[in-house]
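I opened a new page in my notebook today.

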Amino acid sequence: MKKILVLDDDKLVLASVDKILKKEGYLTELAQSAQEALEKAQAQEFDLVISDIRMPGKNGVEAVREIRRLFDEKMKKDIPIIFITGYAEIGDELKAENIGEIILKPFDLQRLLITVREYL
Ligand SMILES: [Mg+2]
């Protein structure tokens, strides 16, 4: 079973993404902050990360960079990333940096699922 780490400071986003992923048969772990996500990434292995960008404290891009570095050291694996963000400009910037796929909020859960399936 594939396991997905979902990071977003918005509880409602976490709950709705969690629900649809579980319904599709994926295992999930939820994190409301970068710190929480990093702790989970240290303790467990994941097949994919879905992350918000704008969050209080460390943002999603920084969090994902650290998570990737961690998995690269631990598993020698390049983990796929899907960012969900309300900020189109940041999205464009990220695309240029080639870190991960970008889905703009308010996002369509079906569209998110299609993107997840492309990677897993
Ligand atoms: Mg946010």
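Predicted model: local features only at pLDDT ≥ 70, side-chain atom pairs only at ≥ 80, totals over all residues.

Residues are numbered from 1 along each chain as its sequence is written, and side-chain values use heavy atoms, without hydrogens and water.

**Sheet.** I found five strands in an open sheet, ordered β2-β1-β3-β4-β5, with parallel pairing. Helices (H or I, at least four residues) and strands (E, at least two) are DSSP runs, numbered from the N terminus. Two strands pair if DSSP finds at least two bridges between them. At the edges I saw β2 (27-31) and β5 (101-104), each pairing on one side only. I looked up β4 (residues 81-85) next: four bridges join β4 to β5. Thr85 has Leu104 in β5 as its bridge partner.

**Cores.** I then turned to the largest nonpolar core, which has 24 residues. Such a core is a set of buried Ala, Val, Leu, Ile, Met, Phe, Trp, Tyr and Cys residues joined through side-chain atoms within 4.5 Å; buried means under 20% relative accessible area, with a 1.4 Å probe and protein chains only. Leu5, Val49, Ile67, Phe71 and Phe83 touch the most other members. Two or more residues each come from β1, α2, α3 (60-75) and β4. α3 gives the most, with seven residues. I also noted another core apart from this one, of 17 residues, including Ile4 and Val116.

How values were computed
Buried < 20%, exposed > 50% of the residue type's maximum accessible area, 1.4 Å probe, protein only.
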